[in-house]
Amino acid sequence: MPSMWLRISCKQAIWLFAAMTIFASPVFGQSNTSGSSDDAVLNQRFALLSELQSLGARAKLLDAPLARALAQTEVADAAWFLDQEMAKKLLRDSIGLTLPSEVDQPNSRSRAVGAPPRLPSPREMAGATVRLRILQVARRDQALLKELSSLVIDKLGGPQGHQNFADLANDAIAAGDNEAAEQYLAQAIDADPTQINASMEIGRLATKDRDAADRLILAYINRLRSTPLTFSNGSEQRVFFALASLVLLPKSNLGAPGVNIRSTTPAVIREYVVYTMELLSQRTPEQLRGGRGYLIAMWPLVQQYAPELRQQFFDLELRSRAAADSLSLPTSKSIEQEYKAEFENRVNKELESDQPDAIVIQRVISQGDFSKARKLIDKLADGPPKTELTEMLNTQQAISFANKGDIPAALELANSLAKATSILKVFPVIAGKCAAKNDDVCARESVNQAVRQLKKSDVTPFTPPPGVPASFFGTKRERDPVLSSLASLASSVLSVKDELALDVLDELVIAANHSELDTSQARTGFETSLFKKLAAKNEERTTAVALQFQDPLRQIIALAAIEQWKSDKFTADEKLQSAKNERTAKKN
């Protein structure tokens with residue numbers, strides 16, 4: 001793979017050398033032997049702050065509000081432990097840049113608790129993404145987080161506040177901070193309990209901390225009891241779905257799909273049953289008939305956890321009957337067996353059909369029955385549906401082969417993949433397995449092959465499900481699958497081998513400089529944290545790559561990410577020096 005590091009022109013090298021001479025911090029060079037340690041620390045702090053102030057000034061020159069907000073936020077992140085007042089000022093200014101104009105705000109504020117979710121515009125999605133990044137930085141100070149999130153809720157309504165806190169919880173869970181995740185989810189529930197984002201994150205939290213998830217489910221139900229629900233805005237249906245995915249069918253929870261989540265406690269199940277019966281009691285006979293299947297499925301739980309509600313159940317069952325209905329009460333085991341038998345019968349029927357159903361084929365693939373899925377796909381006529389299903393199957397089977405250690409079989413299928421999303425799913429897994437065997441040749445070749453395939457890959461998304469417009473996936477101004485795939489590939493292989501990730505980073509910059517993404521909407525095509533991670537491995541080369549970005553926003557946030565790493569290192573070194581000084585003082 002040609003390396004951008006070797007392709008820097010003489011003029012660029014001179015510019016880079018000058019920049020590094022001006023901006024390099026002493027913390028990464030020789031220690032200052034001419035003065036005291038305290039003077040050296042002050043000099044290092046001053047140098048870092050000077051660099052950040054310079055980046056902050058460049059950020060303010062960006063004309064587009066969202067671009068300026070993102071750039072300022074990344075600078076604020078780096079400045080947080082050096083100058084909090086500067087960081088907070090940048091964040092307060094940035095949050096205002098992400099909010100809609102005064103003309104648009106009344107419509108946003110009218111989105112009260114319980115309002116149905118709606119498909120946001122590209123501009124709204126871009127603003128929400130930058131706002132989340134601002135809140136991620138601000139959460140280091142709970143007072144500031146409350147101030148900024150309250151402003152968002154005031155301007156945009158409870159549903160947006162719910163989304164923000166659920167996203168923060170997602171970050172906290174990923175970082176292993178379950179206590180913070182529980183706090184954010186409680187705030188999301190309070191902002192609007194009728195949205196389903198929090199239920200997804202509670203499901204994810206349940207895989208890490210069952211007790212915390214149970215406390216949140218109880219708080220969720222208590223909050224719902226004081227929240228009006230209606231059929232007209234879909235809030236009642238959303239709540240039924242959310243609670244069922246947490247208690248009744250945890251494997252169906254979208255936060256941790258297919259994960260065998262440990263069951264909740266009897267006390268939580270009982271509260272769920274009681275609340276569900278309360279909701280069902282408020283339904284009209286017509287509404288009950290529409291949800292009769294759900295009511296009947298509640299019987300095993302009523303019998304086991306709330307037997308005093310059996311008469312209420314029978315009354316509701318009677319009200320839900322249509323003319324031809326009769327009473328036939330299931331058990332938990334019979335419901336599960338019926339579900340499995342129904343699906344098996346459906347698959348067998350499709351095997352006999354000349355035109356198998358695509359949804360059934362996808363479910364067979366997800367269950368890992370690759371042989372049966374391939375038989376079903378072979379029955380399809382040549383065309384886009386068959387091509388897409390074959391791609392899905394090859395992707396999942398390649399990952400399965402890699403996880404089993406059969407790298408040749410995995411590579412054979414991986415080399416046939418055409419879509420960028422599929423390539424990205426498979427090759428990092430293969431590279432990781434190669435690295436685990438200390439096979440550097442295999443790891444490097446798999447990454448190089450991934451880059452080669454990404455460059456000529458099909459960047460169009462898979463055919464959307466019925467009812468989802470093609471415009472949902474955006475235009476070239478709104479998304480660049482190749483660029484984002486290269487960024488994800490670099491991040492994925494970073495844990496495998498540093499040099500591989502840096503090689504991919506070279507390709508990422510080339511792709512970015514040719515991308516049609518609209519950076520005025522703060523769309524850069526990569527996560528800023530990638531440059532922070534790579535700076536820890538090779539600061540000099542990462543800085544050189546960052547300076548190759550032609551777009552001002554990309555260059556500023558990449559350099560800010562490197563400053564974030566330098567700031568973190570300085571803060572850690574400062575603490576060590578302080579501890580050393582204290583030990584020396586005690587000895588004296």
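How are helices α26 and α27 oriented to each other? To follow this tour, note that the model is predicted, that local features need pLDDT of at least 70 and side-chain atom pairs pLDDT 80 or more, while totals for chains, interfaces and linings use all residues. Residues are numbered from 1 along each chain as its sequence is written, and side-chain values use heavy atoms, with hydrogens and water left out.

**First stop: α26 and α27**

Please select residues 481-494, helix α26, and residues 498-513, helix α27. Helices here are DSSP runs (H or I, at least four residues), numbered from the N terminus. The axes of the two lie 8 Å apart, at an angle of about 170°; axes are lines fitted to C-alpha atoms over the stretch in contact, and angles run from 0 to 180 degrees between N-to-C directions. Helices α26 and α27 are therefore roughly antiparallel, a term for angles over 145 degrees. The crossing of α26 over α27 is left-handed (the near helix is turned anticlockwise from the far one by less than a right angle). Among the residues that meet are L483, L486 and A487 in α26, and V504, L508 and A511 in α27.

Next, select L508. Leaving aside neighbours within four places in sequence, L508 is in contact (heavy atoms within 4.5 Å) with L483, L486, A487, F526, L530 and F549. L508 is also one of the residues that touch the most other members of the largest nonpolar core, which has 148 residues; the others are L91, Y272, V273 and F531. Such a core is a set of buried Ala, Val, Leu, Ile, Met, Phe, Trp, Tyr and Cys residues joined through side-chain atoms within 4.5 Å. Helix α30 (residues 552-587) supplies the largest share of this core, ten residues. Another core, of twelve residues, lies apart from it and includes V360, I377, L389 and L393.

Move to helix α29, residues 539-546, where T542 is found. T542 has 0% relative accessibility and counts as buried (under 20% relative accessible area, with a 1.4 Å probe and protein chains only). Beyond its neighbours within four places in sequence, T542 is in contact with L502, F531, L534, A535 and I562. The C-alpha atom of T542 is 9.3 Å from that of D506, 36 residues apart along the chain.

The structure holds seven aromatic pairs, in which ring centres of Phe, Tyr or Trp (its six-membered ring) lie within 6.5 Å. Select F240 and Y294: their ring centres are 5.1 Å apart and their planes stand at 75°, so this pair is edge-to-face, the term for planes over 60 degrees apart. F240 belongs to helix α13 (residues 235-248) and Y294 to helix α16 (residues 292-297), so the pair ties together parts 54 residues apart in sequence. F240 is buried at 8% relative accessible area, whereas Y294, at 22%, is partly exposed (between 20% and 50%). W299, F313 and F314 form one aromatic cluster.

**Last stop: α21 and α22**

Finally, select residues 370-378, helix α21, and residues 384-403, helix α22, whose axes come within 10 Å and cross at roughly 165°. These helices are therefore roughly antiparallel, and α21 passes α22 in a left-handed crossing. Residues making the contact include F370, A373 and I377 of α21 and L389, T390 and L393 of α22.

Terms used:
Phe/Tyr/Trp six-rings, centres within 6.5 Å; stacked < 30°, edge-to-face > 60°. Parallel < 35°, antiparallel > 145°, perpendicular 65-115°, else oblique.
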